[in-house]
Amino acid sequence: MSTLLDSIQPASGGRTILDPATGEPVGRVAEPGVAELDAAVAAARAAQPGWAVLGDARRVELLNAAADAIEANAEELAVILSREQGKPLNGPNARFEVGGAVAWLRATAAVPVEPEVIVNDDATYAEVHHKPLGVVGAIGPWNWPMMISVWQLAPSLRMGNTVVMKPSEFTPLSVLALAQVINTALPADVLIVVPGGRDVGEALTAHPGVDKLMFTGSTATGKAIIRSAADSVKRVTMELGGNDAGIVLDDADPAAIAEGLFWGAFINTGQTCAALKRLYVPDSLYDAVCSELTRVAQAMPMGVGLSEDNVLGPLQNKKQYDIVASLVQAAKDGGGRVLVGGDPDESTPGYFYPTTLVADLPNDNPLVAQEQFGPALPIIRYSSLDEAIEMANGLDVGLGASVWTPSPDRAREVALRLEAGTVWINEHGAIDPRVPFGGSKQSGFGVEFSKAGLLECAQPVSIKGAAGSFTAS
Ligand code: NAD
């Protein structure tokens, strides 16, 4: 048995976490509750001044040491993640996610963040410094639990804050194991994980000892958190749900883009915030794109994560399985033509829903209009580009979007007309730690990654005086 897994489990008791692929126990998690949360926030507050005073260069060293520690434990972490979340070890899944955690830690450590001279003329001198906020409360989802934890903790720590993290109740072992490894490189109480359910999350968002919240999860929960944070005017970064559109232009080559479209939509078996969730295809290419995507989809094995053959896994939980099943049913009821999948085998264990493509749906069908967060992609036909852009922009969310064309000019022109925080060209969901990432509309606000993401975890302090009244530090 995994020694890392042993080290994060309570000596006795706790809640048993089941593997979503097999229904077998993965491990147990202690769920301490709100009293423990108070103690964690107090400890993180006490540790924060010492962490800040270490200075940026030392914090950078320690974040890189944490990345080294993850690399040294990468396979053990990937196995825990695969068994708890369900994603296969292979493909763009568990090992890839652990690698992403390392890459994001290193990239976050590498961004230069110097005080900026903003004005320096005959009359005025002004600088902007970036100071820690204090304690960051981080609340995460179950789809990419390790990588998203790093997106929250790495910029927070780099900027001199300490972190209290509340993982999803569906994937606490992954986050506890990751933090256990990271903490071998960090001083005590700089990063504390408090597992628990919604009650612990709510208490964290209202806690007077927390200065900023970083939340990744559904739009509905995000709205509740914004309300809760209002009383103490906490800073908030909201990475919320999406329903990303992809638009294929009429000069694209269906065979050449099919694999990119597939992984844009089905990475992590569709359980990805910025996955391609609605695909718009022109009349002239409709049949070709449908058949090329079907060809790719049929070649991708789905199954238990620890088997090296598989690149797609189960839905992580029953609730999500039911959402996907009911949306595909709504698509069938609404006249959709199922190209592949759509017919789960209820007799096998695990929350497996087959890779599903549905053609000929109207834009207002629930499978198009609602976030499926699973392996079912609707393909919608369009006649004019204006119509496609209007359909793509027609929802109240806008996390990502994509344009598929060999023409750079057309790509940019369409990208600038789409309402989304990121528009990808001939790829989808291809996040990069150097490029700011965040939502538009009800997909959230604030950005992560890059210098812009780091600055969201800091208090800007402007220092201004007459020219010559103080000198640059
Ligand atoms: P969720 O909103 O159900 O839960 C997220 C977290 O919030 C969990 O830890 C949960 O315990 C906690 N929580 C629930 N109610 C709370 C409350 N009232 N106060 C405080 N905390 C509370 O989301 P989920 O089902 O875990 O994740 C799926 C959703 O997350 C999808 O909509 C997906 O698009 C979105 N997501 C967005 C991004 C992004 O970067 N924008 C990334 C990943 C997932």
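Hi everyone, let me start in a loop: V233 sits between α9 (219–230) and β9 (235–239). Before I go on, please keep in mind that this is a predicted model. For background, most residues other than glycine have a negative phi. V233 has a relative accessible area of 59%, so the residue counts as exposed.

There is another case of this kind to show you. K441 is also a residue other than glycine with a positive phi, near 45°. Where is K441 found? This lysine belongs to strand β18, residues 440–441. Its relative accessibility is 36%, which makes K441 partly exposed.

Now let's move to strand β10, residues 244–248. Of its 5 residues, 5 are buried, so the rest of the structure largely encloses this strand. You can check that face by face: D244, G246 and V248 are buried on one side, and A245 and I247 are buried on the other.

Which strands pair with β10? One is β11, residues 276–282, which pairs with β10 in the parallel sense over 4 bridges. Within that pairing, A245 has R278 of β11 as its bridge partner. Another is β16, residues 400–404, which runs parallel to β10 and is joined to it by 4 bridges. There, I247 stands opposite V403.

β10 and β11 also belong to a β-α-β unit, with helix α10, residues 254–266, as the helical part, and the unit is right-handed.

Staying with α10 brings us to the aromatic rings. The structure holds 12 aromatic pairs. In one of them, the ring centres of F262 and F266 are 4.6 Å apart and the planes are at 15°, so this pair is stacked. Both phenylalanines lie in α10, 4 residues apart, or about one turn of the helix. Is F262 buried or exposed? F262 is buried, and F266 is buried too.

Elsewhere, ring pairs link W104, W151, F437 and F449 into a cluster.

The charged end of K87 sits over the ring of W144, 3.7 Å from the ring centre. R381 lies over the face of Y286, and here the distance to the ring centre is 4.2 Å.

Methods
Residues numbered from 1 in each chain as written. Predicted model: local features only at pLDDT ≥ 70, side-chain atom pairs only at ≥ 80, totals over all residues. Heavy atoms only, no water. Buried < 20%, exposed > 50% of the residue type's maximum accessible area, 1.4 Å probe, protein only. Helix = DSSP H or I, 4+ residues; strand = E, 2+ residues; numbered from the N terminus. Pairing = 2+ DSSP bridges. Right-handed = clockwise from strand over helix to strand, strands pointing away. Phe/Tyr/Trp six-rings, centres within 6.5 Å; stacked < 30°, edge-to-face > 60°. Lys NZ or Arg CZ within 6 Å of the ring centre and 35° of its normal.
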